[in-house]
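Please keep the structure open while reading.

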Amino acid sequence: SYILTFCDWEACMRGLQRNVTRQVSSSSSISNAPRMLPCQRHLFDIPDDIHWFNCAYLSPGLKTQFEHGLTGLNRKLHPWTVTPPDDFFTDIDAFRQLIATLLHDNATANDISINSSVSYGMAVIAKHLDAKIEHSLKQPQNLNSQSKLNIVMLKDQFPSNYYVWSQLCKKYGTEKLEIKIVDRPNKLSPWTEHVLHSIDENTILVTVPNVHWCDGSLVDIETISQHIVSNGYKPKCHLVLDVTQSLGVKPFPATLDGVDYICGALYKWLLGPYSMAFMYVAPQHQQLEPLEYGWMTRANARQFAEIANYTDLYAQGAQRYDMGQRAQLQLMPMALAGLRQIIEWNP
């Protein structure tokens, strides 16, 4: 991974470099040491007296994104320059590919859905899970069962990854579905082992971040994924990840066989604009019901002359789960510029 700063605070940089040097000298493998990214201040419009480290809250925009933003605004000012269908699809195709590049090795552009927020993605997932819970509870062996299904999540995790599941529990009642909150005895105790101990044969969902938004503490998503698979909890147990606090600054695991969905917003470490997000959907979940029923997710959407020829067929892969007005003609150019810069830095 790399250490990223957007300032030229020399004393701070010298301190970080000394820390890296100590890590390299004390390590048996130099390749495992953090890679120091040179100061990137010139790419940002940050005054000399400002030193911005808080991308975990909100990242600053690149100077080039201002130019790309003007490109987007010009589309609104001069709508006669917007060419259908290309201008509605070229950028979003590129967006899917860039997000897939930042995720695990098995992710493809076909697996990426374009959303407005993590809560949007979670609502799509909840719709899928709702149908599966209802089906599970109707099975003969479960009709009179005293056991209840459960959803595993971390204490104080971000509300976008809580409220939708709380609502689902209200629908079925706590006697049928409950949330199991994972806590830590102290701040030095790792989350992962407590998550593993909370998963059982009645767990239908594990929905966690890999970096906790409150304090930056890590969750080993590889170990959790392997645990779910190796203990035979699949396919009943679904693994959902919120990577908003890490993608773009922390390398993503190369393989993650047990993950079902991955959600993330762009406005933090991915240098993107607000109101843009994504969702990775594993291939086995790409034939389920979407949250919206728009025209751009249909199989014939790229043929504008045919969109009134209504069809039940969707575009391939996870596109059926895209939000309405997914082209984001004003915001998408800025999002692409941020993603390309992150990939150039090679987190």
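A salt bridge is a side-chain nitrogen of Lys or Arg within 4 Å of a carboxyl oxygen of Asp or Glu. The model is predicted: local features need pLDDT of at least 70, side-chain atom pairs count only at pLDDT 80 or more, and totals for chains, interfaces and linings use all residues. Residues are numbered from 1 along each chain as its sequence is written, and side-chain values use heavy atoms, with hydrogens and water left out.

**Salt bridges**

- Across the whole structure, 9 salt bridges are found.
- Arg184 and Asp215 pair through their side chains at 2.9 Å, N to O. The two are 31 residues apart, with Arg184 in the loop between E5 and H7 and Asp215 in the loop between E6 and helix H8 (221-230); helices (H or I, at least four residues) and strands (E, at least two) are DSSP runs, numbered from the N terminus.
- A second bridge joins Asp200 and Lys180 at 3.2 Å, N to O. Asp200 sits in the loop between helix H7 (191-198) and strand E6 (203-209) and Lys180 in strand E5 (residues 177-182), so the bridge ties together parts 20 residues apart in sequence.
- Arg75 and Asp91 form another, at 3.4 Å, N to O. This one runs from helix H2 (residues 63-77) to helix H3 (residues 86-102), over 16 residues.

**Burial of the partners**

- Buried means under 20% relative accessible area, exposed over 50%, and partly exposed in between (1.4 Å probe, protein chains only).
- Arg184 is buried at 13%, whereas Asp215 is partly exposed at 40%.
- Both Arg75 and Asp91 are buried.
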